[in-house]
Amino acid sequence: SGGPLVNLRGEVIGINTAIVATGQGIGFAIPVNMVKRVISQLVERGRVTRGWLGVSVQPLTVELAQSLGVTGSGGAVVGRVYPSSPAAAAGLAQSDVIVGYDGTPVSDYHHLQRLVAETDVGKRVAVDIVRKRARQRVELRIAEAPDTGPAGR
């Protein structure tokens, strides 16, 4: 693996990362837009940075949505707010439901994680939340994601 993934026009659309040997040609690839972002950061800074909100999130189930007063199925439930994080500084709290991020509706917690990670460090963003059945907006400045392991992941 590791080579380019091309479409029928010969355009690179991703970088292959893994192939399922028993999967009849099933493979996995990193989208080319993500690769371009990582490459530009490596060239400019010599390392890759990711945005950090400072929360752990969980899926918004139908039951949680009903109990928290959220209409629709989109959003991510805040499970924890990390001290000294952008989320803590903005007043986010456990059980807040993040339904919008920088003008984009949040479809689920994976979507929110991707949106935050792709945000430039230092950017001010508006975060739409539902708290105690009331919708509100908070603004915060995205920080750099801290290293998470010995390899600095």
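This is a predicted model: local features need pLDDT of at least 70, side-chain atom pairs count only at pLDDT 80 or more; totals for chains, interfaces and linings use all residues.
Two strands count as a pair when DSSP finds at least two bridges between them.

Let's take the pairings in turn. Between β1 and β2 there are three bridges, in the antiparallel sense, and Val6 stands opposite Val12 in β2. These two strands form a hairpin with five residues between them, and there Gly10 takes a positive phi near 80 degrees. Moving on, β2 and β3 also pair in the antiparallel sense, over five bridges.

Is Gln24 buried or exposed? Its relative accessibility is 81%, so Gln24 counts as exposed; the cut-off for that label is over 50%.

Gln24 also gives us a way to step to another part of the chain. Gln24 and Trp52 are 28 residues apart in sequence, and their C-alpha atoms are 38 Å apart in space.

Now for the aromatic rings. How many aromatic pairs are there, if ring centres must lie within 6.5 Å? The count comes to one. The partners are Trp52 and Tyr82: their ring centres are 6.4 Å apart and their planes meet at 40 degrees, so the pair is tilted. That label follows because stacked planes are under 30 degrees apart and edge-to-face planes over 60, with the rest called tilted.

Where do the two partners sit? Trp52 belongs to strand β4 (residues 51-52), while Tyr82 is in the loop between β6 (76-81) and α3 (86-90), so the pair ties together parts that are 30 residues apart in sequence. Trp52 is partly exposed, with a relative accessible area of 22%. Tyr82 is partly exposed too, and its relative accessible area is 29%. Both labels make sense because partly exposed covers what lies between buried, under 20%, and exposed, over 50%.

Methods
Residues are numbered from 1 along each chain as its sequence is written. Side-chain values use heavy atoms; hydrogens and water are left out. Buried means under 20% relative accessible area, exposed over 50%, partly exposed in between (1.4 Å probe, protein chains only). Rings of Phe, Tyr and Trp (its six-membered ring) pair if their centres lie within 6.5 Å; planes under 30 degrees apart count as stacked, over 60 as edge-to-face and the rest as tilted. Helices (H or I, at least four residues) and strands (E, at least two) are DSSP runs, numbered from the N terminus.
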